[in-house]
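Hi everyone, thanks for coming. Today I'd like to walk you through a structure, one piece at a time.

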Amino acid sequence: MRLQINIVSIAVIALLSGTVAAQNANTQSQHSGHSPDSVDSDSAHAQHEQAGAGHHHEGHAGSPDGGVPEATDNIAMLTVTDAIEAALSKGGEPIVADVLGVVCDFCALAMNKIFGKRDEVAALYVDLDTKALSLVLKPGASLSNEAIADLAIQAGYRVADVRRGKEALGDVS
Amino acid sequence: MRGLALLLLVTSGLIGQPTLARPVSYAGGWTVVEESDRQSSSLFVHYSPASNWSIGPRVEVNRDADYALYSINPTWLAKRWFGSDYQANLYLHAGAGLAAGINQNPLEDDFAIQGGVMADWETRSLFVGYRSRYLDAGRFGDQFSHAARLGFAPYVGDTGDLHTWLMLEIDHRPEAKDTVTAAPVIRLFKGPLLLEAGYNLTAKQPLFNFTYRF
């Protein structure tokens, strides 16, 4: 009897649930982007704490075209770490991607592993406080928004919005 | 009955094994999971070909009944809900392999299957989780168990910090001597490493879990 109850409950849940693959198919990105050389969570975090309070601007980050249940309430700017600062100084394009579902270090690890493999990326940092992925591309490299969204899916997450250039640095004028 | 169960598990797409922390990784990720509770100890290594499923070998020693399970356990992330401040998951898990006696247990080896559901909802400071498992270990017997967890983080750490969680696990095993038990657990989480230590207040048994992801 227990077996039957267990299997029935599993089957019902499976029927009621969509698959991640289906979710992924519905995900649409809005912009375009690139990939990193180094990821150092501890040193990056130290820098982040120093950079501190100036990371958020009040306002709405916007939402993706479909399939995303919520958008972030704050607009995250690029988190400046040693590696990101060095990559910026070489002329790499800054990108900030708002990522949904990032709540723990395993999430950050997944993003680091997936994006860190890309040749286009000079530096990256996943900020749990702002729920944002900060990327700086190598000079001349490009990474489309669709590619960023696909990479986030490979990591198990979704991108809600992508900002580039001055917008990623907080210059919205 | 066992054949029917296996057929249903396979045909309903069930794959997986209950673990306490994210049983599916990023595409290409490996995870090592050790778990030890009031009844058994286990070691599980899984690989995620994609971000919605994982598979790997698992060894579990049932200390009470003196047998070991050697199985292949797939896990399917059936659904993930995303929010800017939360993540929720529904997993289906299963496994198939061999049950073998240990410590002079005279019973002969037998085929074993298992399956169940895991679900969790988590923010950076709150956690709610549930998992169930039905195990049919052939002549070593069958067992249903399920457990729920509530947890909170006394502080919110940023990327790379040491994250600390205080949790309470309620475990229900209808055929066990103590059918319902409670275990306070402390979870320490930093980067790729997650450690959990607890004590089952009812069964007076320690609990220790370890997860490493790479």
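I'll talk about a pair of helices, then another helix, and then a single residue in a strand. Please keep in mind that this is a predicted model.

Let's begin with the pair, both in chain A. Two packed helices are described by the angle between their axes and the distance between the axes. Here, helix α5, residues 105–116 of chain A, packs against helix α6, residues 145–155 of chain A, at an angle of about 130°. Their axes are 8 Å apart. Angles over 145 would count as roughly antiparallel and 65 to 115 as roughly perpendicular, so α5(A) and α6(A) are oblique to each other. The crossing of α5(A) past α6(A) is right-handed.

Which residues of α5(A) and α6(A) meet? From α5(A) we have Ala110(A), Met111(A), Ile114(A) and Phe115(A), and they meet Leu151(A), Gln154(A) and Ala155(A) from α6(A). Sorted by class, this contact has 6 nonpolar residues, 1 polar and no charged ones.

Next, helix α4, residues 82–89 of chain A. Ala83(A), Ile84(A) and Ala87(A) are buried there. If you look down the axis of α4(A), its buried residues fall within an arc of 95°, so they line one face of the helix. Just after α4(A) comes Gly91(A), with a positive phi of about 95°.

Finally, over to chain B. Leu166(B) sits in strand β9, residues 163–172 of that chain. Is Leu166(B) buried or partly exposed? Leu166(B) has 14 C-beta neighbours inside 10 Å, so it counts as partly exposed. Leaving out residues up to four places away in sequence, Leu166(B) touches Gly151(B), Phe152(B), Pro154(B) and Ile186(B).

Terms used:
Residues numbered from 1 in each chain as written. Chains lettered and ligands numbered in written order. Predicted model: local features only at pLDDT ≥ 70, side-chain atom pairs only at ≥ 80, totals over all residues. Axes fitted to C-alpha atoms, helices over the stretch in contact; angles between N-to-C directions. Helix = DSSP H or I, 4+ residues; strand = E, 2+ residues; numbered from the N terminus. Parallel < 35°, antiparallel > 145°, perpendicular 65-115°, else oblique. Left-handed = near helix turned anticlockwise from the far one by under 90°. Contact = placed C-beta atoms within 7 Å. Nonpolar A, V, L, I, M, F, W, Y, C, P; charged D, E, K, R; others polar. Buried ≥ 20, exposed ≤ 12 C-beta atoms within 10 Å, placed from the backbone. Arc of directions from axis to C-beta.
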